Amino acid sequence: MSEEMLLASYRRRIASVPHTVVLQPTSFCNLDCAYCYLPDRDRRNTMTPDMAEAVAHSVGEITEAGPNRGVDVVWHAGEPLALGRSRFAELLEPFESLRQAGRVRHWVQTNATLINDAWCEFLTRHAFGVGVSIDGPAALNAQRVDRAGRPTFTRTLRGIDHLYRAGIGFSVIAVVTAAGITRPEALLDFLARLGCHTAGLNIEEAEGVNTTRRQPGQGPATEFWRRTLAWSRRNPDLTIRELARLGDYLGLVRTGRGTEWGQRLIDPIPTIAANGDVVLLSPELAGITAPRYKDFRAGNIREQSLAEILARAHRLPYVREFLTGLDRCQATCGFFDFCRGAQAGNRYFENGRLDTTETNHCRTSRQALVTALSDTAREEHTA
């Protein structure tokens, strides 16, 4: 395929400017969750201020074109707050002028075990959006343990209480394991009481170093989503990310604007590790050893700007494979109109390649959701 055709294929599917940039300021996490995908969570690899400055310079370049070029900078993986406030502040400093100009919004995904009043003041001062990782009540959160194997549930609740008292709103990401998938009401009732404004429900996936645990299947996932839909209709105040996405799609289709959904391009999600290496399409690919794909490394922020890395992204073998996989999904899958294609990381971790199509993640998080809604509508129609 010629350079022009490769570039055209890329631009047809993937946005030229990212909406989200993920930063991994440290690979270390103070927890040791049973399903964690991170290969280096026991190592204290830490981003340096000059690395953060290089990222901020790149973000400045890609946001200077106009008022609609704002970027969400997401601090994620392992536990960002394990840096400590002083070191974290050093990494934030290069972004401050961009933040004050409205060109950057900071987000942090945290297990909340380290949050106290001082951290709340820090998060408020830098206008952070906060996401908390918690899997439900204590019984469903049992996979989230510290490095001594001790439960972390009460520590996470304590951190959430600090957020609540400081007036900091937060979202939640809950991993739904094979044990939890049979108990959606217990999970959702707990999240509603917790006070989060949005909940993302991540059915456990085989990815990174999490490859041996039993993953939920499509049948249990369909029942999970059916019961989640029913719960949501009774409890509309909690926004469930996956249901909101499906509702957005259906709303466009019902109003004759379905083509707008298909025109939404995939965010390349540049993810920058502590050493400056950049991967695209899936944060879960960062730090993965894969010689065939040169470890998914698209460049290093010390050597190239994000704009330069993204301008050459269509030449990367794994990106080209991903585009081929999307074409195959569109040609063969009845769910593609909503799904828009399997996630890049899931393709690799489940199938070993990115030019493949269906994954278990597709079946449990997309197909099962649509099937659950279809079954619910049919049952109500025939009742």
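In this predicted model, Ser133 has Ile173 of strand E5 as its bridge partner. Strands E4 and E5 (residues 170–176) run parallel and pair over 4 bridges. Between these two strands the chain passes through helix H6 (residues 153–165), and this β-α-β crossover is right-handed.

On its other pairing, E4 is joined to strand E3 (residues 104–110) by 4 bridges, again in the parallel sense. Here Thr110 stands opposite Val132 of E4.

Strand E4 (residues 129–133) is largely enclosed by the rest of the structure, because 5 of its 5 residues are buried. Gly129, Gly131 and Ser133 point one way from the strand. Val130 and Val132 point the other way.

Strand E6 (residues 198–203) pairs with E7 in the parallel sense over 2 bridges. Within this pair, Thr198 has Thr239 of E7 as its bridge partner.

The disulfide count is 0. For Cys29, the nearest cysteine sulfur is that of Cys33, 6.2 Å away. Cys29 counts as buried, because its relative accessibility is 12%, under the 20% cut-off. Cys333 is also in no disulfide; its nearest cysteine sulfur, that of Cys329, lies 6.3 Å away. At 28% relative accessibility, Cys333 counts as partly exposed.

How values were computed: Residues are numbered from 1 along each chain as its sequence is written. This is a predicted model: local features need pLDDT of at least 70, side-chain atom pairs count only at pLDDT 80 or more; totals for chains, interfaces and linings use all residues. Side-chain values use heavy atoms; hydrogens and water are left out. A disulfide is a pair of cysteine sulfur atoms within 2.5 Å. Buried means under 20% relative accessible area, exposed over 50%, partly exposed in between (1.4 Å probe, protein chains only). Two strands pair if DSSP finds at least two bridges between them. A crossover is right-handed if, with the strands pointing away from the viewer, the path from the first strand over the helix to the second runs clockwise.
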